[in-house]
Amino acid sequence: MARKSASIALNERLSPYQKLYLLLIAGFILGPFIPLIIQSFAFRWAWPDLLPGTWWLEQRERAVLPLAWDYVISPYSQVWEATLNTVFIGCVVTVICLFICLPAARVLARESFKGKPAFEFFLSMPLIVPEAAIGIALLMIFINIGLAGTYTGIIIVHLIPTIPYMIRMLTAVYQGLGRDFEEQAMILGASRWQILRMVTMPMLLPGIVAGALFTFLVSTNIFLLTFFMGQGKIVTLPTLLFSKISGGTLDASAAGITLVVTVPGIILLLITERFIKEEAFGKGFGN
Amino acid sequence: MSKTKELARHKRDRTWMWIQLLPVMLVLTVLFGGALVLGVAQSLGFAPWFGVNTFPDFSYFGALWGDSFFWRSLGLTLYYAIAATLISLVMGVLLALALVRSFPSKSLYKYLYKLPLMIPYTVGIALAVIMLGNGGMLSRLMAFAGFIDDPSQFPQILKTHMGWGIIAVYVWKQTPFVALTIYAVLLGVGRETEEAAAILGANKRQVFFQVTLPQILPGIISSTLIIFAFNIGAFEAPFILGGGFPDTLPVVAWRYFNDADYTLQLQGMATVVSIALVAGVILYSYLAFYRRYERRIGRH
């Protein structure tokens, strides 16, 4: 009797409600993309038709490509420029962030010192201070020292929200690494440099790749700070999309751009699934 | 002799430790400290580059806080942030609880539900426009079902102060975040304690509220802290999908900054400082409350 109720309370399988719930969530997350894709291939799509009245295929004599996509890949849409900017800024931010966070993560994982909890709290401040507050206050400073509207300015502000994630992920990696291997190498007579190059680095690499990917991801998704610091001079994918939809309507070309902006996320999703384990993520945020 | 050597080594180690912590500390201190000091100074009337220097001058805060629109903005900001955080929390926890079970196509599902995490909020806003707008998909579906025969009859979801569109975007983006955090915690603690409780005769409800919930509580606290702080400072969703005057505080601050009358920038800065203050007070009391709870159940 007790065993039977235990097995009910601990069912490994989904209950029917949960199945329904998973389906609903999948619909909630992915469903809206269906009209978005349709919209980007539509020539005319009047209310209240559920499907476009005129598809681009019927208008081939006017445009070879779907009109929206013709615009998206043309230089006028700035999509290429924005993509290059996004990738460039993301890469630089990731590299800088890695270099300044790696030594700190090592200390945080291994040493205990006075004021460590306070220091850790300080490092997670960017996650809990509203972005708008930091963004606008920094913008004033950056305008005064001439960094507003420059790549340098944007890269510097991107460090703020990326540092906490990088630190947490790298600290988790260092904690998992342990000290034993390095100590053994030291006993066997390896120099500091040798230890770093031949023991620490190879063991850290998967974690570093995960942290770098995640930082890159965070950087590419930042809108507010880029929008404030970019001053309209530097467009990235999120700010480009913002300017297309800020009127509150979505035409075919905006739908196309939305899809383009989604693509890097999908690529990163496919890669990160392999590198970032849920457990590692939990170590970073479960406390 | 060896003792002094030991001491010297210890000292060298400490120095080396701080050198390693220095870069990250420096970057955050300069950016954060700089923003903080200048933001507060400016909101109190220090702006020599405009030829304004009446520091310390509380009139900007006075003008801002004395106006009823500020309090309505604050109310809206908090309403969107709290509603979205609560809905995301409930939906995310339910999702995480389902994800720890085994089911076919689970590996595919684990890709799928993370998609919103990977893409910018602006994509979510575009999706909200195409789904919830007056000429959007839902309105077309309702027309198809025969409920309405003109776009204007569709209930206004976007651009109202009820903020359904804004909340929908936040929930769409943050449910996966909560789910991922809780799911990771659940994987970390394993199922042994739940099993033990079940064998001792606890029913489903008891297992959840007395075993699972306390275990995932740290994850709940940290994820809600992060999304709530984000929601308070978010700009793009309320800017595009909001109902106009009165706007949420970040949008108000931005409008002050882009006003042709540049002295309004000081009022904008007072708005910014107010946002930080409100967020700080709420998050601090939330954490303090949680710490007290933890002490009561004897965790620390």
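Start with the second largest pocket: select Arg106(A), Arg110(A), Arg192(A), Trp16(B) and Gln20(B), which lie nearest its centre among 28 lining residues. A pocket here is an open set of points on a 1 Å grid over the protein atoms alone, where a 1.4 Å probe fits, with protein on both sides within 12 Å along at least five of seven lines; lining residues have an atom within 4 Å of a point. This is a predicted model, where local features need pLDDT of at least 70, side-chain atom pairs count only at pLDDT 80 or more, and totals for chains, interfaces and linings use all residues. Residues are numbered from 1 along each chain as its sequence is written, and chains are lettered from A in the order in which they are written.

Next, colour H1(B), which gives this second pocket nine lining residues, the most of any element. Helices are DSSP runs (H or I, at least four residues), numbered from the N terminus. The space comes to about 1,000 Å³, a volume being what probe spheres set on the points fill, with points joined across faces, edges and corners.

Now hop to the largest pocket, at about 1,500 Å³. Pick Glu120(A), Phe121(A), Ser124(A), Ile128(A) and Arg168(A), nearest its centre out of 50 lining residues. Then show H13(B), whose 13 residues are the largest share of that lining.

Finally, colour this lining by class: 35 nonpolar, ten polar and five charged residues. Nonpolar covers Ala, Val, Leu, Ile, Met, Phe, Trp, Tyr, Cys and Pro; charged means Asp, Glu, Lys and Arg; the others, Gly among them, are polar.

Definitions and conventions
Side-chain values use heavy atoms; hydrogens and water are left out. Helices (H or I, at least four residues) and strands (E, at least two) are DSSP runs, numbered from the N terminus.
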